[in-house]
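Subject: Structure handover

Hello,

Please find the structure below. My notes on it follow.

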Amino acid sequence: MLAALCLAMVFALSLSSYIALCYTSLNMSTRNIAVSHSTELAETGVEQAIYALNNNDWTNWTLSGGTAQITMTMTSSGLVLSSTNPTPLNYGNGVHGTVQIIVSNYTNFLNNASPGPSISSNSTITDRKSTRLNSSH
């Protein structure tokens with residue numbers, strides 16, 4: 001009886017350690033996926049800025065001197081102006097993201113002057129625990 005009790009205790013300790021390991025692995029993989037989504041969102045912001053430059057379309061952008069900026073939220077239909085309070089795309093587990101895009105010297109691009117434009121795209125992914133992950137391009 002004592003041997004069976006000891007064996008049951010060894011199994012319980014082993015299983016509890018394995019469950020803790022699985023939980024940690026799940027958290028790490030979830031965070032890794034969120035970082036990938038954040039990087040993709042920052043790249044989407046760069047594409048949005050390139051579109052605005054190539055088409056000289058600064059609708060809804062805040063223009064100040066030679067700098068243009070906009071904050072957008074990723075939705076199921078693409079990037080949408082954040083100030084309109086759109087329904088964000090759920091990347092899974094309640095994760096959603098926004099991107100702030102800044103184009104410096106955008107007027108120089110139109111005038112073919114130096115220095116050329118500089119694009120900065122900073123994305124923020126927020127999960128259901130309000131943990132924020134940032135990526136920049």
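How many bridges join β2 to β4? There are 7, and β2 and β4 run antiparallel. Helices (H or I, at least four residues) and strands (E, at least two) are DSSP runs, numbered from the N terminus. Two strands pair if DSSP finds at least two bridges between them.

Before the rest, a note on what you are looking at. This is a predicted model, in which local features need pLDDT of at least 70 and side-chain atom pairs count only at pLDDT 80 or more, while totals for chains, interfaces and linings use all residues. Residues are numbered from 1 along each chain as its sequence is written, and side-chain values use heavy atoms, with hydrogens and water left out.

Confidence

The pLDDT is the predictor's confidence in each residue, from 0 to 100. Its average over the chain is 86, and 95% of the residues score at least 70. Strand β2 (residues 67–75) has the highest confidence, at 91, and strand β6 (residues 132–136) the lowest, at a mean of 68. Where pLDDT is low, the predicted coordinates should not be read in detail.

The helix

Helix α1 covers residues 2–55. Its 54 residues should span 80 Å at 1.5 Å a residue, and its end C-alpha atoms are 80 Å apart, which agrees. The expected span is 1.5 Å times one less than the number of residues. Several residues of α1 are buried, including A34, L41, A42, A49 and L53. Buried means under 20% relative accessible area, exposed over 50%, and partly exposed in between (1.4 Å probe, protein chains only). Just after α1, N56 takes a positive phi of about 50°.

The strands

Strand β1 (residues 62–64) is joined to β2 by 3 bridges, and these two run antiparallel. L63 has A68 in β2 as its bridge partner, and A68 also stands opposite V103 in β4. β1 and β2 form a hairpin with 2 residues between them, and G65 in the turn has a positive phi of about 65°. β2 and β3 also form a hairpin with 2 residues between them. They pair in the antiparallel sense over 4 bridges, with M74 opposite L79 in β3.

The core

A nonpolar core is a set of buried Ala, Val, Leu, Ile, Met, Phe, Trp, Tyr and Cys residues joined through side-chain atoms within 4.5 Å. The largest one here has 19 residues, of which W58, W61, I101 and V103 touch the most other members. α1, β2, β3 and β4 each supply at least two residues of this core, and the largest share, 5 residues, comes from α1. Contact means heavy atoms within 4.5 Å. Leaving out residues up to four places away in sequence, V103 touches A49, L53, W58 and W61, among others.

Two single residues

S121 is found in strand β5 (residues 118–126). Is S121 buried or exposed? S121 is buried, because its relative accessible area is 0%. A polar atom of its side chain lies 2.7 Å from the backbone oxygen of A42.

N93 lies in the loop between β3 (78–81) and β4 (96–104). With a relative accessible area of 48%, N93 is partly exposed. Not counting residues up to four places away in sequence, N93 touches T30 and R128. N93 and D127 are 34 residues apart in sequence and 7.2 Å apart in space, C-alpha to C-alpha.

Regards

How values were computed: Polar contact = N/O pair within 3.5 Å; in protein donor to acceptor, adjacent residues only side chain to side chain.
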